[in-house]
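Subject: Structure handover

Hello,

Here is the structure you asked for. My notes on it follow below.

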Number of protein chains: 2
Amino acid sequence: MPWEKCYEEAVVLEAAMRAFWEKGYQGTSMADLVEVTGLNRGSLYAGFGNKRELFLRALQHYDQSYRVGFLTRLRKDREPKDAIIATFDAIAQGDTTMPGGCLVVNSAMELAPHDDEIARIIENSMAEVEAFFANCLAECEDRVRSPAEISETAKVLQGLMVGLLVMTRANRESPSIGAILSQVRSLLG
Amino acid sequence: MPWEKCYEEAVVLEAAMRAFWEKGYQGTSMADLVEVTGLNRGSLYAGFGNKRELFLRALQHYDQSYRVGFLTRLRKDREPKDAIIATFDAIAQGDTTMPGGCLVVNSAMELAPHDDEIARIIENSMAEVEAFFANCLAECEDRVRSPAEISETAKVLQGLMVGLLVMTRANRESPSIGAILSQVRSLLG
DNA sequence: TCCGGTTTTGAATGATCGGTCAAATAACAT
DNA sequence: ATGTTATTTGACCGATCATTCAAAACCGGA
């Protein structure tokens with residue numbers, strides 16, 4: 001039997017994800033990735049192919065682990081409406097252990113216009129966020145909502161969320177943040 | 001008397017602006033800028049200092065010429081409320097002669113977190129957009145709005161606009177676009 | 001016609017980029 | 001011990017990056 005891998009893929013992807021999240025795809029060099037992952041160049045290429053493939057894996061890791069976990073955690077033990085509000089509050093407040101904003105939205109700006117495969121991953125992720133909002137809305141018992149209204153409102157919430165993510169990345173103190181939060185509340189009211 | 005400059009600064013900035021707008025700061029090389037401006041390397045450095053300074057000039061050109069012109073044109077000959085709606089329609093539809101999205105918002109994502117000077121320019125530009133919406137709202141005669149309500153609604157519109165700009169850059173056909181447009185209408189109604 | 005001052009030109013520079021590879025290393029089977 | 005196989009290692013590669021600079025080109029005045 002040969003020598004076994006001495007690293008955990010998930011740990012490496014987690015480190016790469018944070019680097020890409022904070023500095024963008026083009027702003028992160030292979031030298032940076034060597035540093036943050038602890039692996040050396042050759043192992044990185046042997047295990048993940050090249051920079052773009054490593055990014056794809058990191059983006060999928062973000063989407064499947066971080067983003068899903070984020071939404072699941074917020075939903076747990078909350079009324080549907082509160083889950084939506086808590087989602088926006090959490091984004092506005094920001095997790096100090098994580099870079100600001102959202103890797104999917106960052107990548108939508110930087111890469112989606114020039115890379116179809118990445119654009120598809122992002123589109124899929126966006127659709128799942130919209131579905132999250134739609135599910136929450138469908139389970140609200142405060143008043144009846146037609147399927148059309150649910151779909152429409154979910155899309156608006158998604159748009160507001162993206163706007164909020166951009167604002168918080170550009171300037172964590174932006175006064176627009178509070179206005180968006182109360183708009184979300186009144187949209188659900 | 002010495003040899004005079006054989007280029008127009010505004011023309012060069014316009015070309016550089018489009019390149020940065022389409023491909024981002026890091027995605028645009030000096031070689032690209034040489035190509036799109038028609039100037040050669042040395043003249044570019046002699047006239048504008050370096051890449052970052054050229055970008056700053058291009059960003060300010062975008063803000064002072066393109067963005068201001070865009071809003072002014074939409075406002076002209078329109079009721080205040082129609083001007084706001086027309087702004088969102090124009091963003092959603094997109095000008096085929098220009099790159100999608102908005103250079104200010106793109107730069108907010110790519111550079112603002114790591115460059116304070118750029119962050120300030122962006123903040124200022126964002127504030128002027130908010131003021132544009134606030135002015136339109138203040139001049140609406142359909143119903144009375146308190147200053148607080150105007151400020152709040154202007155910020156929400158700004159958030160929706162940013163969301164729309166991201167959506168249109170990532171995917172021009174996104175179904176969220178229509179939902180955002182009708183949300184704007186109902187927000188003004 | 002020559003000169004002083006300015007711009008243009010494009011070759012050259014060193015740094016950094018993403019990517020490669022042969023050699024060293026480690027675990028197992030014989 | 002020895003051989004086999006997979007992984008690790010870091011030096012190395014050509015390409016490209018932003019930037020510089022000396023020389024050529026150009027103009028107006030003397």
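How many of the eight residues of helix 6 (residues 103-110) of chain A are buried? Eight of the eight are, so helix 6 of chain A is largely enclosed by the rest of the structure. A residue is called buried if 20 or more other C-beta atoms lie within 10 Å of its own, exposed if 12 or fewer do, and partly exposed in between, with C-beta atoms placed from the backbone. Helices (H or I, at least four residues) and strands (E, at least two) are DSSP runs, numbered from the N terminus.

Before the rest, the conventions. This is a predicted model, in which local features need pLDDT of at least 70 and side-chain atom pairs count only at pLDDT 80 or more, while totals for chains, interfaces and linings use all residues. Residues are numbered from 1 along each chain as its sequence is written, and chains are lettered from A and ligands numbered from 1 in the order in which they are written.

Back to helix 6 of chain A: its buried residues are A:L103, A:V104, A:V105, A:N106, A:S107, A:A108, A:M109 and A:E110. The cover over them comes from both chains, and includes helix 1 (9-23), helix 4 (51-75), helix 7 (116-139) and helix 8 of chain A, as well as helix 6 and helix 8 of chain B.

Next, the interface. In chain B, 33 residues are in contact with 33 residues of chain A, contact being defined as C-beta atoms, placed from the backbone, within 7 Å. On the chain B side, the elements that give two or more residues are helix 6 (103-110), helix 7 (116-139), helix 8 (147-170) and helix 9 (176-188). Helix 8 of chain B gives the most, with 13 residues. By type, that side of chain B divides into 17 nonpolar, eleven polar and five charged residues. Here Ala, Val, Leu, Ile, Met, Phe, Trp, Tyr, Cys and Pro count as nonpolar, Asp, Glu, Lys and Arg as charged, and the others, Gly among them, as polar.

On symmetry, chain B superposes on chain A by a rotation of 180 degrees with 0.0 Å of shift along its axis (RMSD 0.0 Å). The two copies are thus related as by a two-fold rotation axis. The superposition is by least squares on the C-alpha atoms of residues with pLDDT of at least 70 in both. The same surface serves both copies, as 100% of the contact residues of chain B recur in chain A. Of the residues of chain B, B:G163 comes closest to the rotation axis, at 2.1 Å (C-alpha).

A backbone detail to end on. A:D77 has a positive phi of about 60 degrees although it is not a glycine. A:D77 is placed in the loop between helix 4 and helix 5 (80-93) of chain A, and counts as exposed, with 8 C-beta neighbours inside 10 Å.

Regards

Note on methods
Contact = placed C-beta atoms within 7 Å.
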